[in-house]
Amino acid sequence: MSVPALELIGLKKSFGKAEIIRGIDLSIGKAERHAIIGPNGAGKSTLFNLITARFPPTAGTVKLHGEDLAGLQPFQINRKGLSRSFQITNIFPAMTVFENVRCALLWAQGYKYSFWNLVNRSRDLTEGAEKILDQINLLERRDLPAGTLSYAEQRALEIGITIAGGADVIMLDEPTAGMSHSETDYITDLIMKVTEGKTLVMVEHDMGLWPCGPDFRPGLRRDHRHWRAR
Amino acid sequence: MELILVNLIDGLVTGLLLFMLSAGLTLIFSMMGVLNFAHASFYMLGAYFAYSISLYTGFWMGLLIAPLIVGVLGAGVERYGLRRVHQYGHVPELIFTFGLALLIEELVQFIWGKNQMPYAIPDVLNFTAFAIAGNSIPAYKIFMIFISVAIFIGLLYILTKTRVGMIIQAALSYPRTVEALGHNVPLIFMGVFGVGTALAGVAGVIAGPVLGTFPGMAFVLGSIVFVTIVIGGLGSLWGALAASLLIGWITTFAKSYNIEMSDILNGIGVVTPADLDDNIFRDLWTVTSPQIADILPYILMVLILIFRPAGLFGKRHT
Amino acid sequence: MSNTELPKGARPEEQITTDPSRAAQRMRAGSMTLTMLPWIVAAILLAMLPYIFTSNSALTIMNQMWITVVFALAYNMLLGQGGMLSFGHAVYAGVGGFACMHIMNMSDFFASFPLPVLPVFGGLFGMGLALIVGSFSTRNAGTVFAMISLGVGELIAACSVIIVAFFGGEEGISGDRTYAMPFFGNEFLQQINVYYLTAFWMLLSAGLMYLWSRTPVGRMANAVRDNPERAEFLGYSARWVRFFSFVASGFFAGVSGALFAINYEILTEENLNTASSGVILLVTFLGGVGFFFGPIIGAIVFTLVQTVLSLQTELWAFYAGTLFVLTVMFFPGGLAGLLMMHVPAFRLGKAGGLIVPYLKTLLPGAIGVLAVCGLVEMVFHVRHASTGDHEMTLFWTTFDSHAILPWVIFIGVAVIGLGIARTTAPALRDAWNEANTAGGSA
Ligand SMILES: Nc1ncnc2c1ncn2[C@@H]1O[C@H](COP(=O)(O)OP(=O)(O)OP(=O)(O)O)[C@@H](O)[C@H]1O
Ligand SMILES: [Mg+2]
């Protein structure tokens, strides 16, 4: 049996006395696409934050491709091929749309902290960023400051930034929150398209508008007090 | 032994004076998240105002009125300056208060000139309170201790026992919630800023006669006050008190005991090189504690920031 | 723009009007000549300036300007591009400069290379110090970084009177630049030679710093400034990005210190202290931290204003402080921000419509402000001139500062000037809105 892409073992988190995550065991195979569903305050975002080391867990283990992530910092986890988006749009609002995506490509393309390369000289970077922009339908907006985009466009850009580095495990926190029907259609199509063949873990409130194919399986197996399988 | 006692009293005076500044600064910081670079400038204004007032009405009216004027000025700065700059973010806020400090120093020179003012201890307090083994302790020092302790107790009382204090404490941690409860948070901010600067003004009024009332007085004390609240832990009143006293005593003792670095180094077994004059570290060997007394707080701060970034009493930030 | 305009789902391929790869090529070809142009113009201008301003004092002022340009640009690598506010950056320039003075005094070593190489050493020493301090200070941005920079700055400035062997105590350290190996027969005896050396290094440093801002780590510095958390989730450690910016900034600060050493042949505690650090913050902020060329404008304007004003009035620091505080409050973008505000109007071809409203408001406004300054000068004179000295000279006129008439005139001019500016301001605002709106009747 192959190693799961993402594995959680007995994961717990308390804020002070409040126990938010009460021992989650979960295993997600390669190229599977999962949704995690639960009411407000269930701890879905907290779970994401634990996996990506935004917070340290109270107990338990997170494994990415079989490797324990304990003690790693967010940027190290990202380098191992896990990329996430945020519930509250988290982009670089002062930079142009194009630059947002380009920043997301830099590490993945191996530029690291180099100061002997010029970013606008690199064909790979420019073309790579434009390819992503094309995928998220923002090519026309490439030179606008990201902060001036509409809400839906900013969400799309956030997804673009998240997938740009080519991570094979993608985590999206409520990508369609606060969107109208047509916008949701646009984003769900987009997500299905760009995560083809990747491992996807996603938080959603309502899967009603999702084009759930056969590979869209319900998220959590265990019905915790806060967690509801679907 | 007697010298230690004298130094303890001197250090206490310096420490409590520092505390009167750092208390206001740290309160302002924990409420608004802004480090007021110009805080010591208000201390200077306190001294100058008190001097000018004392020319007409004597020392005591100066002590009463000058802090009030300084507090009103401080509140004005918050209302018309800081609140405006706040929208641009923390760094511009810090830059604003930095510019304000420069401007106030120039303003003071403009009004009062570059020379030291003959602001003197009032006659009623100009006597020796008591003597310890030939070292006389002036009554004014006792007066300074008395005032600072009184202010500290008053502050503690207001913060912990009164309604206003409760609201302030709540606003420190949960400004949004307090606002939602119908309290006027901007007004509270302005008030705290005013009171904080008025405290600095009081410190200026009572320190002016002993430390000198001159345009550089804010600069001399300003960065030390900063250092104090960083060492104590940003936003912690008890931390400010501990750090103020610590710095007061460290600098006083370092100044009064002439310890040479070579003695320390020899003491821990390092032998003085024979050809000291050609050695590039020669200055290190001959450094004495009075020489470095004034930079000890900075060394302490850098060490604290490296090893315990939240300060002595600070909460670890996430 | 409304969201419903967005193309939904997969679009037909034909709709993609720009072929990405072609666009990239076009952009590269176009940007080459476009980005080189300002640099070539600057080089020609720098070479020509000594023919226009020939006096030695003019050369000295220009050298001072270029040194400040390098320092301000280095400072802005932190403040503008990295979002790190330093209150002790003079230390890196100073240490670089002091190191160069010592090299100048090591006769054998100094004679083994030509003078124009010296700034490299200054840079390396500045960088060395930045490596040490940066290793712990760049863990945080914001307030903690600012505090550490202040503490370290004060510490090193205070060391200058204690560690006499390196800093020379009160007198500082002096040396002689002419002991270097002759550079194509040139021993840099004359001011004009030093001018070209300084101008060359200024252009080189500015060019390198510009290129830095275009490198991956330079771009990420912006990203970390705006949103360190997001940058971390993109694979970059915010701390290391800050560290690299800090070290690079230390290098160029050191270069500026070396240029100072070459120009003045003496360094003292003044080169390190908090006041110098404050001045560079002021220069950079006045120029504008948001654009690469902001600090350049700031350095040039500040040096000019400083030399001109400090000859005219004792109160120049008061005016500079006032200007600074007003800038922070009302124009946080600085001079560069003010200039760039006009770009949209130029793009729309409507900038011409602003000239007349500007003249109508700014001219009387400027006259009013000058009159206010005059009043300030008069107050100062009345308060601080020696007793009996009633005569003062202002705006090339000598008058009695205790007489009524000059006061009436100045108050009158101030009120009228500012009054006119106030009444014409709404028209200016309308003109401004009009100039920034596409289409319309104009
Ligand atoms: N840093 C924190 N400190 C204390 N409590 C927290 C913190 N972060 C989250 N919580 C609490 O943990 C609980 C779960 O929050 P979380 O954001 O994970 O919920 P969620 O499932 O993502 O909800 P939503 O659907 O609203 O996004 C909430 O009750 C929240 O108040
Ligand atoms: Mg959530």
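Reply: Let's begin with one pair: the side chains of A:Glu99 and C:Arg219 meet in a salt bridge, at 2.7 Å from N to O. This pair crosses between chains, running from A:Glu99 in helix H3 of chain A to C:Arg219 in helix H9 (residues 216–226) of chain C. A salt bridge here is a side-chain nitrogen of Lys or Arg within 4 Å of a carboxyl oxygen of Asp or Glu. Helices are DSSP runs of H or I with at least four residues, numbered from the N terminus.

Residues are numbered from 1 along each chain as its sequence is written, chains are lettered from A and ligands numbered from 1 in the order in which they are written, and side-chain values use heavy atoms, leaving out hydrogens and water. As for pLDDT itself, it is the predictor's confidence in each residue, from 0 to 100.

Over all chains, a search of the whole structure finds 12 salt bridges. The interface of chain A and chain C also has 17 residue pairs in polar contact, both residues being at pLDDT 80 or more. On the side of chain A that touches chain C, at least two residues each come from helix H2 (74–79), helix H3 (97–106), helix H4 (123–135), helix H5 (151–164) and helix H6 (181–194) of chain A. That side of chain A divides into 20 nonpolar, 14 polar and 18 charged residues. A polar contact is a pair of N or O atoms within 3.5 Å; within protein, one must be able to donate a hydrogen and the other to accept it, and residues adjacent in sequence count only if both atoms are side-chain atoms. For the residue classes, Ala, Val, Leu, Ile, Met, Phe, Trp, Tyr, Cys and Pro count as nonpolar, Asp, Glu, Lys and Arg as charged, and the others, Gly among them, as polar.

In total, 52 residues of chain A are in contact (heavy atoms within 4.5 Å) with 42 residues of chain C. About 4,400 Å² is buried between chain A and chain C, and carbon and sulfur atoms give 61% of this area. Buried area is the accessible area, found with a 1.4 Å probe, that two parts lose on being put together, summed over both. Of the two pairs of chains in contact, chains A and C share the most contacts.

Chain B gives 44 residues and chain C gives 42 residues to their contact. Here about 3,700 Å² is buried, 81% of it on carbon and sulfur atoms. Among the elements that give two or more residues to the side of chain B that touches chain C are helix H3 (59–86), helix H4 (90–112) and helix H9 (217–232) of chain B. H4(B) provides the largest share, 16 residues. This side of chain B holds 33 nonpolar, seven polar and four charged residues. No contact joins chain A and chain B, and their closest C-alpha atoms lie 9 Å apart.

Finally, how far can the picture be trusted? The predictor gives the complex an ipTM of 0.88 and a pTM of 0.88. Chain A averages a pLDDT of 83, with 89% of the residues scoring at least 70, and chain C has a mean of 85, with 91% reaching 70 or more. For chain B the mean is 84, and 96% of its residues reach 70 or more. Where pLDDT is low, the predicted coordinates should not be read in detail.
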